[in-house]
Number of protein chains: 6
Amino acid sequence: MGKEMNSSHNYPYPLLVPPPFRWDQREVNEPKVHEWIETLDVTSVVPPDWSQVDVTILGVPLSRSSISASAASENPDAIRRAWKYFTTYNLEEDVDLTVLKVIDLGDVRQHVTDISVCHRNIREAMVAMRTHHPNTFPLMIGGDHSITAMLVKGWKAAHPEERIGILQLDTHFDLRSLEDNGPSNGTPIRNLIESGTVKGEDVFNIGLHGFFNAKSLKEYAHRSGVNYITLKEARKRGVARTVEEALQQLADKVDTIYLTVDMDVLDISVGPGAPASTPGGMRSDELFEAVQIAGSCPRVRAMDIVCLDPVKDVAQATVKAGVHVMLSFLTGFAKRKS
Amino acid sequence: MGKEMNSSHNYPYPLLVPPPFRWDQREVNEPKVHEWIETLDVTSVVPPDWSQVDVTILGVPLSRSSISASAASENPDAIRRAWKYFTTYNLEEDVDLTVLKVIDLGDVRQHVTDISVCHRNIREAMVAMRTHHPNTFPLMIGGDHSITAMLVKGWKAAHPEERIGILQLDTHFDLRSLEDNGPSNGTPIRNLIESGTVKGEDVFNIGLHGFFNAKSLKEYAHRSGVNYITLKEARKRGVARTVEEALQQLADKVDTIYLTVDMDVLDISVGPGAPASTPGGMRSDELFEAVQIAGSCPRVRAMDIVCLDPVKDVAQATVKAGVHVMLSFLTGFAKRKS
Amino acid sequence: MGKEMNSSHNYPYPLLVPPPFRWDQREVNEPKVHEWIETLDVTSVVPPDWSQVDVTILGVPLSRSSISASAASENPDAIRRAWKYFTTYNLEEDVDLTVLKVIDLGDVRQHVTDISVCHRNIREAMVAMRTHHPNTFPLMIGGDHSITAMLVKGWKAAHPEERIGILQLDTHFDLRSLEDNGPSNGTPIRNLIESGTVKGEDVFNIGLHGFFNAKSLKEYAHRSGVNYITLKEARKRGVARTVEEALQQLADKVDTIYLTVDMDVLDISVGPGAPASTPGGMRSDELFEAVQIAGSCPRVRAMDIVCLDPVKDVAQATVKAGVHVMLSFLTGFAKRKS
Amino acid sequence: MGKEMNSSHNYPYPLLVPPPFRWDQREVNEPKVHEWIETLDVTSVVPPDWSQVDVTILGVPLSRSSISASAASENPDAIRRAWKYFTTYNLEEDVDLTVLKVIDLGDVRQHVTDISVCHRNIREAMVAMRTHHPNTFPLMIGGDHSITAMLVKGWKAAHPEERIGILQLDTHFDLRSLEDNGPSNGTPIRNLIESGTVKGEDVFNIGLHGFFNAKSLKEYAHRSGVNYITLKEARKRGVARTVEEALQQLADKVDTIYLTVDMDVLDISVGPGAPASTPGGMRSDELFEAVQIAGSCPRVRAMDIVCLDPVKDVAQATVKAGVHVMLSFLTGFAKRKS
Amino acid sequence: MGKEMNSSHNYPYPLLVPPPFRWDQREVNEPKVHEWIETLDVTSVVPPDWSQVDVTILGVPLSRSSISASAASENPDAIRRAWKYFTTYNLEEDVDLTVLKVIDLGDVRQHVTDISVCHRNIREAMVAMRTHHPNTFPLMIGGDHSITAMLVKGWKAAHPEERIGILQLDTHFDLRSLEDNGPSNGTPIRNLIESGTVKGEDVFNIGLHGFFNAKSLKEYAHRSGVNYITLKEARKRGVARTVEEALQQLADKVDTIYLTVDMDVLDISVGPGAPASTPGGMRSDELFEAVQIAGSCPRVRAMDIVCLDPVKDVAQATVKAGVHVMLSFLTGFAKRKS
Amino acid sequence: MGKEMNSSHNYPYPLLVPPPFRWDQREVNEPKVHEWIETLDVTSVVPPDWSQVDVTILGVPLSRSSISASAASENPDAIRRAWKYFTTYNLEEDVDLTVLKVIDLGDVRQHVTDISVCHRNIREAMVAMRTHHPNTFPLMIGGDHSITAMLVKGWKAAHPEERIGILQLDTHFDLRSLEDNGPSNGTPIRNLIESGTVKGEDVFNIGLHGFFNAKSLKEYAHRSGVNYITLKEARKRGVARTVEEALQQLADKVDTIYLTVDMDVLDISVGPGAPASTPGGMRSDELFEAVQIAGSCPRVRAMDIVCLDPVKDVAQATVKAGVHVMLSFLTGFAKRKS
Ligand SMILES: [Ca+2]
Ligand SMILES: [Ca+2]
Ligand SMILES: [Ca+2]
Ligand SMILES: [Ca+2]
Ligand SMILES: [Ca+2]
Ligand SMILES: [Ca+2]
Ligand SMILES: [Ca+2]
Ligand SMILES: [Ca+2]
Ligand SMILES: [Ca+2]
Ligand SMILES: [Ca+2]
Ligand SMILES: [Ca+2]
Ligand SMILES: [Ca+2]
């Protein structure tokens, strides 16, 4: 927890701790995902050549800011452990992810009893990433959804001139008032709107369904201009087409689209490990296609995956789905290069 | 079990016991389902104004009449506990259930070793409801499927002039002979037909599939005129349209349609907590749409949800689906008012 | 393990052990599956009249040849135990499986520490079946996928003149090199191709998806002519039509089609009990339809079901799906008789 | 359920059904328990030579008479399946159980909805056993504790001249009034006392502890003369010595001691699969020693094991403990022969 | 969360929220624990007569201050739900807890993202209790161990003149430095010492074992005079005697002994639901006896039970043990009255 | 699996693969166990100074040689992951394990389908360790019990002049004949005796109990002179004293004592994760004390921990117990230095 990181090279973010373990990565012909993603070597005297790095992974192990009890803080490590179940090759798309250089930076340093410190560190970690290697794509593994507000604010601080849009895949609006309980996982979108970081009209939420949002939140969405397409509507139009249109509308007006995937958007049968998993949610093939499309959209410049509690998971189904979301996104992303 | 209910007001059903617990329900702005559904206050000297009550919830915690081991008796409480995971607002339909006044009456009093007493109490509870507050909609939470025969017989006893139809969503016919083992959960529809309570032709079963019914039951269905549409057929036509047509055909000839939802109609991946859960069953979105349609049909005047064993459940998926079934139905029901 | 089988009749395969238990099978009117499938009585002095037997079940309890830890060796018994949950009557197809005479032969005798002995026994068991009762359809319950190579080689040894095709439903190619680790569950198709048992062009793999195969395996598939249709492609064309076309193409050139169902082709939500279960896989209704179609194809003359680990299962969902696969196949098979 | 048993030999109990499955039992040198215990062959024209049979096993799959939800009805089969984990040889006592001839008779036929029929069948099954093979020791596998009253009444009906004593190992008195809910699992001892079958003074209960009995039950115990030693007291004296003394006191006055083991006497850590498992209960080594001592006491002439719900079990710990209880008892029993 | 409590009587603690549910408590002859413990009726215009109240229960649902992920925040409700498994009568001690009047006050109001507010509320709740009803015994149900520091500080604020001692049953010292991560669950004892609330010499820790404390914490214990007896030592002397001597030594010098029970003191086999459960810990009978002794010691004037995560529990073993700890303590407490 | 290890320093064992992951181990003040145990850096050009290394850890991930299905092959990694739950400081013994230098060498390279290759590699790995760093203590983490025969044979090959004794803590004799099924996990001790590696009289087995060994194995033990003390006997004498005496008797005649701990010696409540876990076994405190005593005995010069299946585990109880066994042993070992 309080372990010091006297790294010897020039990438000095004191806000980070290395991942607790690193996969053995000696040369193999066809790596699995855990053998392909590199771990930042903080003991090296030479920093990586960031110009060669396409994507950085950042763990954000915070879930004490969750309204309901959540062990989503365990998720970054659970995701890292599950990498070994996946190859780097997407057969259906004929894309080999090894064309990308991906580095795992480790986790944002957390504080046990001061959540505002955690949130500040998260924001600063994004600033640091944007400062030290602005050309890498940041892919964050939460943690609960409160982190999204901090990460986007960090982006905004690093790029104050940019107009930022949000593509949110979620069962919830996340538009609760911050007055009651501060920046919890029920509030990130409202937080971004009320802080002036993002305009309501620049938010697209896809996946809402059922009885999981108070009516007042919908009214707030209307007042603030937040765009949303329920799962039923999206299926009528086609989920893929819905995502494409939302991205297009955003791309027409914003500089940067931030993609945030709340794993509770999945149906409870495919995502039992989300703290608020519900029946009536998205299928995994729908979600994987949605994020792959987002991955191929050049305006999408950052992404997070949140609200995945590996302790609550069944048969590792949700953790594996989380890894698949990450890899499906990167499949789209790899296509940008070609 | 033997607790006496010296209620002080005029609603004297000795057949009922209050629910073992009641949710705290002081004033909130936007209630969750558990804060919205009221619990009958048996200690009050003033009974509720039943003319203002739209729906009564009745727990029927009987599963010792189940052929296979079942803890469906635990379901009424499990459902009550899971109300807290749901808001009253259906986003996709823009329906707020708080327009309905719903009261939880508690549970039908059960006997430990005399199932015929249990069954008589269940029948009498329905008679009592129809007598004391005939304008409320009774929504029963089972228990195993044997209770449906008793509830419909109670309705018939209270309304002997009515012709009653059944819309059954089930993986099974429930047409086994009563001669072998009495009114178990394998028999309710046959029980109703052979007792003259319901005509075979006034039964519609939607959702049958696979290898879960003996051939002789299908033959009995044919002989007795029971209508059934297998899941495969229903999907070809569209599940929604199939339900609408069944309701229409029933509405054309009966006075009252009784909706009975056997949770084992769901695929085992979305409903692992049904004692007889099977692969190849209905998706939850199909079921939710089906019951919402039924909810909006004015001729549907009573409903039950049965065969949900919360002890066998995984990740609370089936219990949450059970609550969703109830709320989806009420969404349709609320539309009747508008 | 070392139990001797001094059977008194003329069916002398020393390679077999009876199943550890047999269901009570005295006369019933409408049997469940466990009351319908007979167990070979090795103590009888009179062998069965094989000309009257349609299908033989053979357990192949080997999974120590699996790359990852697997208790698929427990599957034959798990499948046998789960028979009791199923009737013999397929309601949707109006097919009663009791028109078929099915005998459970027991299990292939295994060796604890010499996998080559296990593999030889499996091959020889197929030869014995083809020799003693060549007109029965052999339905094998694995075990891991390494057994398929042995079973098909056994078929080839018994029918050297035949050209054999494979219809494989799988998330994986199973085309790994045998040089590294011998005939493991990653290699059966390559094993068959490289041994000259089956031509690459006579293999059809349906169901591949996601990030679960190395790119080099796809290249090997291309080089060796293996046909494959990913799940996404199959869904575009229709899974049923895809299967029909594959069977048609095979039937046009081969004498015998061997159907092999790797249960990990199913999505993790419906098949959590496959050792390598993944998100993004097939739905159970798709799989059931696919195997029923194969069952009705006269050229399909043997079948196996592999890679089902009942210890890893959740709510018995995968084991029940495994039984359903077997029964759906037999539904198609029964249609051949009519 | 309704399967007829047209047995061809002279052991005509229509109250019995064979076990649903039988273990393969061809000759082995050193059998495991499942290979040693024989299953009654109801199709044989020759009945067994009962004079050579030491012990009969009888399943009593009734738990619909349980106050709380219980799947103890699944226990007889669970116990039978778990036999395979045990050898017949008790190393510590140097006793080989194969000196005993043990036959599994199958299960008492149950009725689904009329518990009084179930109870009558249970009673009559004991009468039948005492009539057809009075020299075999009956060992019953429940089921819930209500069956004990029926079994002892059956014994009394067969041996009206005998004075019967009870040694009960239980966390509960089982002295609830029958007036409220009939002969449930909370009442067997009171049932026996009030029916005059057993005198209160001839009952010894060992193992009571904690907060699991109402005070009025203790007062009833005092009034009726029931002897009890709490677990704390028993440990002070030594559990073995306590059991020996209780047996001695009983042996001095009764003709037959009936041993009844309620598995909820075990601590929840070693017996999580009892429906009412509690912390603070007996250790398994204490229980095994207690029943072995009872086994060696010639006056103990019948035994049952009740309240074991294999569905609620964890890691099969309780089912394995149940088998061990049975085998430990038989170890003592085998010593009677030497 | 933000629900206002406009209680109409004079007990105005805005720091409290009622429990989310209340048990039905109409008159019964022999109540179970949930029928005996009353819930404070905040809607009543008349406050309870506090002079008649012996014990108040206070839920402290905070675990976001836990170092490792913990759902101990769910424990107060889990404990309340499990009351129904227990009678009020301790058979071994012949103590009926109904001689005590116990009121459940509900839970301390929590904040989602500001842990310092949570901690302040907890402290103030204790002050409020000591102010409004100083003669009732406060029994707190946590929550993680960080709450103990706040509760004892609250006591000290209400009784600044008192010297307070601590009897801690724990696998850990809880002496970590507050500098690193604030008042987490690793720090409460050090927090109390360094704040001058309690002297090191007035702390007795019983139950330490194994490899679960850093050496520096032991050294801190030595420096600060904290008394500790490892489990191995305690067993040598006798756990009961060890507790008695510790209480005696404390009683000789302090005014008030605060008993804090960290459920992780239990061995993992009996307490799997503690977030940090370990092998080699205390048996439940040892713990129950220890707290009963403490209950009977008049100088023990407050108590808490912490670090019980019901989501992590197995077979409800730990939750039931938690209730038993509470009842065993009250058994001792009830003896003070006689 | 086939990953090549082109290590650059002089420790060339091609039989080893590095562990799949390594813990982050930058400088901390008080390390947890995972921060203290070093991982061999195979990429380093400089080998470790073996004269400074006290203990080497070697994973032996083989369980395909197990009679029953076992995922003990997953155990070395499970143990490594669970190190993080433990400090290096044994409070009760005041021993800090950091006085020892411990290096994790990684795992013995396995073959998927040729178990004889696996066994040969295991034997050769021991030879290599004894050759390259004969002064380090080898601590092996299995794997099933078949590995012990290979490891001891490796020792014998490296030290042909030595007389080797075995201290075995086990529920089983492991004296089955190798003729039936080769060197499975039921045979290691017989394997060692019949190969002349160890004399029967130099084997001490402590912990046998219940019905888990065939009588013929006991007879073999007698014939071959194997010493055994059942758990019941050991408890009469005192488990600690029993172990001490066995060590003393061995030390009087052999050069090297090899300690082998089969985790199934533990009772199923504390060790549910052993493939053959049973009721009636050892308590964890007994086992921890036994191995600590062995650790302090200078003649004990190698150790293994086998038959721990982390997939079958409950609440990680058995894996944590496995780590504790290792640390308790090292506590004794550390005392040798002082
Ligand atoms: Ca969200
Ligand atoms: Ca959400
Ligand atoms: Ca039904
Ligand atoms: Ca049904
Ligand atoms: Ca395969
Ligand atoms: Ca596969
Ligand atoms: Ca009892
Ligand atoms: Ca009991
Ligand atoms: Ca603590
Ligand atoms: Ca602790
Ligand atoms: Ca062993
Ligand atoms: Ca063993």
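Which residues does A:D262 touch, not counting residues up to four places away in sequence? In this predicted model, A:D262 touches A:H145, A:L169, A:D170, A:D174, A:V306 and A:C307. The residue lies in strand β12 of chain A, which spans residues 256-262. Its relative accessibility is 2%, and because buried means under 20%, A:D262 counts as buried.

An unreviewed UniProt entry places the feature "binding site" at A:H145, A:D170, A:H172, A:D174, A:D262 and A:D264. These positions are spread over 120 residues of sequence, yet they cluster in space, with a largest C-alpha distance of 12.1 Å. One of them, A:H172, is located in the loop between β9 (164-169) and α5 (178-181) of chain A. A:H172 is also buried, at a relative accessible area of 15%. Apart from neighbours within four places in sequence, its contacts are A:N205, A:L208, A:F212, A:N213, A:D264 and A:A276.

Chain E shows how a metal ion is held. The calcium ion (ligand 10) is coordinated at 2.2 to 2.5 Å by E:D170, E:H172, E:D262 and E:D264. Along the chain, its donors follow the spacing D-x1-H-x89-D-x1-D. Both E:D262 and E:D264 are buried. A distance of 3.1 Å separates this ion from the calcium ion (ligand 9), and E:D170 coordinates both.

Chain F illustrates helix packing. Helix α2 (residues 75-82) and helix α11 (residues 317-337) of chain F pack at about 80°, with axes 9 Å apart; α2(F) and α11(F) are therefore roughly perpendicular to each other. In this contact, F:A78, F:I79 and F:A82 of α2(F) meet F:V319, F:G322, F:V323 and F:M326 of α11(F). The contact residues comprise six nonpolar, one polar and no charged.

Conventions:
Residues numbered from 1 in each chain as written. Chains lettered and ligands numbered in written order. Predicted model: local features only at pLDDT ≥ 70, side-chain atom pairs only at ≥ 80, totals over all residues. Heavy atoms only, no water. Donors = N, O, S within 2.8 Å, 3.2 Å for Na, K, Ca; no water. Buried < 20%, exposed > 50% of the residue type's maximum accessible area, 1.4 Å probe, protein only. Axes fitted to C-alpha atoms, helices over the stretch in contact; angles between N-to-C directions. Helix = DSSP H or I, 4+ residues; strand = E, 2+ residues; numbered from the N terminus. Parallel < 35°, antiparallel > 145°, perpendicular 65-115°, else oblique. Contact = heavy atoms within 4.5 Å. Nonpolar A, V, L, I, M, F, W, Y, C, P; charged D, E, K, R; others polar. UniProt positions renumbered as here; feature names shortened; annotations may be inferred.
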